[in-house]
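Here is a short report on a protein and its ligand. Look at the structure first, then read on.

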Amino acid sequence: MVVPFNRPYLVGTEESYVLEALRSGRHCGNYAFTQKCTNLLQEAYKIKKVFLVPSGTAALEMTSVLAKIQPGDEVILPSYTFSSTANAYCLRGAKPVFADIDPKTFVLNPKSVQEKLSKKTRAVIPINYGGVSPDLNQIVEMANSVGALVIEDAAQGIGAKYRGQWVGSVTPLSIYSFHETKNISCGEGGAVLVNDPNLFELGEFAQEKGTDRSLVIAGVKSKYSWVSLGSSYLLSDMLSAFLLAQLEARSQIYLARKTIHDAYTKMCLKYLGQRPFQIQQIPSYCETNYHGFYLLFDQAQVRDQFLIQMKEKGVNSYIGYLPLHSSQMGRSFGFKAEDCPVSESVSARIARLPLYNSMSPSELEFVLERVESFLRNL
Ligand SMILES: *Cc1c(COP(=O)(O)O)cnc(C)c1O
C-alpha cells in the first residue's frame with residue numbers, strides 16, 4: 001500500500017450539478033450556482049458578503065485592490081506562509097514586511113507584528129494554518145492603532161472557529177481557497193469574504209473588471225463603464241456547481257477529517273513529553289477544521305529522516321512552508337535569514353501527515369502504525 005499526502009475528493013453530487021449548469025445555458029460567473037454557493041456561505045459562516053473567484057490567490061489579489069494598496073505601502077505578513085500571500089500585495093507595489101510566528105501554534109506572533117508596525121503599514125495579513133488562527137482580536141487592535149486593515153488569509157480556514165465565530169467572519173476582509181488540497185474544493189476556486197459594508201460596492205466593481213456592471217444589472221444605470229481597478233475575479237458557474245456539491249457535504253467532510261485528526265492526536269499523546277517532538281498547539285480560543293496535522297521534531301535531521309523513512313514505508317508525509325523572508329524574492333527585498341528565526345527553525349523541523357477526506361480506515365491504520373513505530377524508536 002502507498003498512502004498519498006492528499007487525494008482529491010468527490011462527494012458524488014458534483015456530476016449532476018455540473019451537468020445542470022452546462023445545460024442551463026448560462027456558464028459565466030454570478031449565475032444560478034454561484035448565487036446558491038454565495039447564499040450558503042453567507043448564511044452558514046455568517047459572512048456579510050461573499051464573492052466567488054477563480055482561486056485563493058485571485059481572492060488575495062482582489063483584497064489588495066479593496067485595501068487600495070499603493071506603491072510603497074507596507075504590508076505585514078508571516079514569513080511562514082504560501083507565496084500567494086506576499087505576491088498579492090507586492091503586485092500592487094507594496095513592500096512585504098515579514099513577521100515571525102509562534103513556535104507552538106505556527107501562526108503569526110502578535111508581538112512580532114507589534115515590532116513591525118509603522119506609519120506606512122497599510123495592511124496586516126495573518127494566516128490560518130491547518131485550521132488555527134492567531135489571536136485576531138489582538139492583531140486587529142494593533143492594526144487599528146496605525147489605521148491599517150486586517151485581512152485574514154483563511155485559504156485553509158473554512159469551518160474553523162475563532163472565539164466562537166467562524167473564521168472568515170472575524171476580520172473586515174478575508175479569503176477562502178477551494179483548491180483540491182483544501183477541505184472543500186472545486187479543483188481551483190476561492191472566495192473573497194467582505195465583512196465591512198463600506199467595501200461591498202468596490203468589491204462588485206473590482207470583481208467585474210473595474211466596471212459598474214453591477215449597477216446596470218440592478219437597473220440603476222443603463223451603461224456600464226470603467227470606475228475602479230479590477231480584474232476578472234469570477235468563478236464560472238460550472239465550477240460553482242462543483243463547489244455547491246461539496247459545500248452541501250461540509251458536515252460529512254468535517255467529521256471524516258476529525259476522525260483522522262483525533263486518531264493522530266491520540267497516538268501522539270502516548271509519546272509527547274517522552275520523545276523529542278511536539279504537535280501543533282490549538283489555542284483554547286480556536287476550534288480547528290482539521291485541515292492539517294503536523295509533527296514538529298526537536299531536530300531538523302530527525303525530521304529529514306522521518307520523511308525519508310515514511311516514504312520508504314509507503315507513507316507520503318510532507319514538509320511545511322519554506323520561509324518567504326529568506327527565499328530568493330525575500331532576499332531581494334532586503335531580508336536576511338536571521339530576521340525571522342522561528343519561521344526558519346519550524347520550517348526545518350516540521351512534517352505534515354497525510355490527511356484527506358477519503359482516507360480509508362485501513363489507510364489510517366497503515367499511517368498510524370508507521371508513524372508510531374518511528375516515534376517509539378526515537
Ligand atoms: C492554498 C493557499 C493559498 C492559495 O490558494 P489557491 O486557491 O491555491 O490559489 C494561499 N494561502 C494559503 C495560506 C494557502 O494555504
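## The shell around the ligand

Four nonpolar, eight polar and two charged residues form the shell around the ligand. Here Ala, Val, Leu, Ile, Met, Phe, Trp, Tyr, Cys and Pro count as nonpolar, Asp, Glu, Lys and Arg as charged, and the others, Gly among them, as polar. The shell has 14 residues, and Gly-56, Thr-57, Asp-153, Ser-177 and Lys-182 come nearest. A residue is near if one of its heavy atoms lies within 4 Å of the molecule.

This is a predicted model: local features need pLDDT of at least 70, side-chain atom pairs count only at pLDDT 80 or more, and totals for chains, interfaces and linings use all residues. Residues are numbered from 1 along each chain as its sequence is written, and side-chain values use heavy atoms, with hydrogens and water left out.

## Polar contacts

A polar contact here is a pair of N or O atoms within 3.5 Å. In the side chain of Thr-57, an N or O atom is 2.5 Å from an oxygen atom of the ligand. Asp-153 has a polar side-chain atom 2.8 Å from a ligand nitrogen atom. For Gln-156, a polar side-chain atom lies 2.9 Å from a ligand oxygen atom.

On its own, the ligand has 380 Å² of accessible area, and the protein covers 93% of that. Areas come from the Shrake-Rupley method with a 1.4 Å probe.

## The whole chain

The protein chain has 14 helices and 13 strands. These are DSSP runs: helices (H or I) of at least four residues, strands (E) of at least two. Along its principal axes, the C-alpha trace spans about 70 × 50 × 35 Å.

How values were computed
A polar contact is a pair of N or O atoms within 3.5 Å; within protein, one must be able to donate a hydrogen and the other to accept it, and residues adjacent in sequence count only if both atoms are side-chain atoms.
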